[in-house]
Amino acid sequence: QVPLVESGGGLVQAGGSLRLSCAASGRTSSSYAIGWSRQAPGKEREFVAAITWSGSIIHYADSVKGRFTISRDSTKNTMYLQMNNLKSEDTAVYYCAAGSSTTQIRTAKADYWGQGTQVTVSS
């Protein structure tokens, strides 16, 4: 069983938009916080955004602030990442994550990880 499943990745031109989804199930749906990290070729995995299921706490990486929006639908156990004004440097595999706090996700110590979805931004 896969606890976290990402979808919505693809190829988009610079300046375009994509919306990623992450469906949670089992124990991951009971986690306090969920979020996204990404890993570009030749680079370390980096934090993108995190949110509590209640929506009371939200964090964004400086590199995506103002362009990306994280949201969640607790009734559907689904998390979303709306990505606007995409740049070539946003090209990466995006992973959804779940953990006990947004800090845990921000520091790459999430309890659960999805398999990732590829986002490629061309120009």
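## Burial and basis of the model

Of the 123 residues of the protein, 44% count as buried, a class that means under 20% relative accessible area with a 1.4 Å probe and protein chains only, while exposed means over 50% and partly exposed lies in between. This is a predicted model, in which local features need pLDDT of at least 70 and side-chain atom pairs count only at pLDDT 80 or more, whereas totals for chains, interfaces and linings use all residues. Residues are numbered from 1 along each chain as its sequence is written, and side-chain values use heavy atoms, with hydrogens and water left out.

## Fold and dimensions

The protein contains one helix and 11 strands, assigned as DSSP runs (H or I of at least four residues for helices, E of at least two for strands) and numbered from the N terminus. Along the sequence the order is β-β-β-β-β-β-β-β-β-α-β-β.

Along the principal axes, the C-alpha atoms fill a box of roughly 40 × 30 × 25 Å.

## The disulfide

A search of the whole structure finds one disulfide, defined as a pair of cysteine sulfur atoms within 2.5 Å. The bond joins Cys22 to Cys96, with an S to S distance of 2.2 Å, and links distant parts of the chain, since Cys22 lies in strand β3 (residues 18–24) and Cys96 in strand β9 (residues 92–99), 74 residues apart. Both Cys22 and Cys96 are buried. The torsion about their S-S bond is about 55 degrees, so the disulfide is right-handed.
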